[in-house]
Amino acid sequence: MDLAQTVLGAARLDTLRQAGCGAHESLNLTQVAARMSHYVNGVSLRHEETSRDMFPENSLNYVTNGVHAATWAGPALAEVFDRHVPLWRTDNSYLRWVVTVPLDEIESAHQEAKTDLLEEVERRTGVPMDPHALTVGFARRVTSYKRFDLLFSDLDRLRTISSRVGTLQIIMAGKAHPRDEEGKQMIRRVLEVASVLSPDVRVVFPEEYDFALGRVLCAGADLWLNTPEKGMEASGTSGMKAAVNGVPSLSVLDGWWVEGHVEGVTGWAIGGHWSEESNPRLEAQSLYDKLEYVIAPMYYGDRKAFSAVMRSTIAVNASYFNAQRMLGQYIDNAYSLNGKT
Ligand SMILES: *Cc1c(COP(=O)(O)O)cnc(C)c1O
């Protein structure tokens, strides 16, 4: 409040206070933004729900985030799109038509993206990866609610799945805020686990997570993992970047995934309904169950079925969770206001 008073002066600060923007010792910038705006939205349906509880006095809407499809589609798959759905770059909704693309074309484009990823990982870490192994990708800001370590709740179970059903390899990336001790601790744990699990399950953590690494990672992984604590993930856009590349998600039902998840069609859910609170023990168990009984058996035993999931992931989710649809919705719902006010 002292700083706010210096910057704004007592009169303006008083106005903000009367508008309900400040409690006592600090000015709540989210409240300032919400109170001073004509239109307020969450960045997913789930985010709107959560925000409603936090800001009951505001009328809220939601416009779910989207990613720029032409930027995030890897070159090999983009070439397949160009051939079958030439208008996809100017109108992403045509990606729905990918549902007719032969599965072997999706499969071989993905294998190219995977080769690019594994080469990049080897270049950065010196660790050679297996191009035939089910490759799980996980990359995001390292912060505690994202639970980088949920996958490592039971190392024996992970080893068993890898030896009994088929080899698993895991590529993780992310940066922690320099002052986030918990985040840094999580990275240390991943590095520790990587050496404990080797050589049964290969886990690598390339350093310097950035746009370039994110790009090859969400295109070349076979499965995109997301394990946020429920109610904490506003959106989770990296799963959309994976979807544009036909990479299905295995994720806790939170953020965008509440809307994007169709079991066995766009990926798989971890744990129970989105409205229930997170239970780490049950969620870890559900994660392992899906890997052991559904995903790895399909990947190793019925590759056509797995490729069909990749294809429907593009048709159902890439055609919708893109920036073009998002901008259109901002225009229709936020800026045009349809004569409502
Ligand atoms: C997309 C992206 C993110 C955000 O990913 P989430 O799934 O929302 O956590 C963070 N960092 C980079 C480099 C990205 O490309």
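This is a predicted model: local features need pLDDT of at least 70, side-chain atom pairs count only at pLDDT 80 or more; totals for chains, interfaces and linings use all residues.

**Entry 1. The ligand site.** I listed the residues around the ligand and found Trp72, Arg140, Lys146, Tyr209, Asp210, Gly236, Thr237, Ser238 and Lys241. Next I looked up polar atoms facing oxygen atoms of the ligand. In the side chain of Lys146, an N or O atom is 2.7 Å from a ligand oxygen. Ser238 places a polar side-chain atom 2.6 Å from an oxygen of the ligand. Thr237 takes part through its backbone, with an N or O atom 3.0 Å from a ligand oxygen. I also noted the cover: on its own the ligand has 390 Å² of accessible area, and the protein covers 78% of this.

**Entry 2. Helix α8.** I asked which residues of α8, spanning 155–164, are buried. They are Leu155, Arg157, Leu158, Ile161 and Ser162. Viewed down the axis of α8, these buried residues fall within an arc of 165°, so they line one face of the helix. The face turned away from the buried side carries Asp156, Ser163 and Arg164, which are exposed. I traced what the buried residues of α8 pack against and recorded β4 (168–173), α9 (181–197) and α13 (280–301). At the N-terminal end of α8 I found a cap: a side-chain oxygen of Asp154 lies 3.3 Å from the backbone nitrogen of Asp156.

**Entry 3. Helix α15.** Asn322 caps the N-terminal end of α15, with a side-chain oxygen 3.3 Å from the backbone nitrogen of Gln324.

Entry 4. I selected Leu287, which belongs to α13. Its relative accessible area is 0%, so Leu287 counts as buried. Beyond residues up to four places away in sequence, Leu287 touches Leu150, Leu151, Leu225, Thr227, Leu250 and Ile270. I then moved to Ser278, in the loop between β8 (267–270) and α13. The Ser278 side chain reaches the backbone nitrogen of Lys230 at 2.8 Å, and it also makes a polar contact of 3.0 Å with the side chain of Glu283. Neighbours within four places in sequence aside, the contacts of Ser278 include Arg147, Pro228 and Glu229.

**Entry 5. Backbone geometry.** I looked up residues other than glycine with positive phi and noted Arg147, at about 50°, and Glu208, near 55°. Are these two residues buried or exposed? Arg147, in the loop between β3 (134–139) and α8, has a relative accessible area of 9% and is buried. Glu208, in the loop between β5 and α10 (211–220), is exposed at 54% relative accessibility. Lastly, I recorded a cis peptide bond from Ser198 to Pro199, with omega near 5°. Pro199 lies in the loop between α9 and β5 (202–204).

Key: Residues are numbered from 1 along each chain as its sequence is written. Side-chain values use heavy atoms; hydrogens and water are left out. Buried means under 20% relative accessible area, exposed over 50%, partly exposed in between (1.4 Å probe, protein chains only). Helices (H or I, at least four residues) and strands (E, at least two) are DSSP runs, numbered from the N terminus. The arc is that of the directions from the helix axis to the C-beta atoms. Contact means heavy atoms within 4.5 Å. A polar contact is a pair of N or O atoms within 3.5 Å; within protein, one must be able to donate a hydrogen and the other to accept it, and residues adjacent in sequence count only if both atoms are side-chain atoms. A residue is near a molecule or strand if one of its heavy atoms lies within 4 Å of it. Accessible areas come from the Shrake-Rupley method with a 1.4 Å probe; for residues, only the protein chains shown count as cover.
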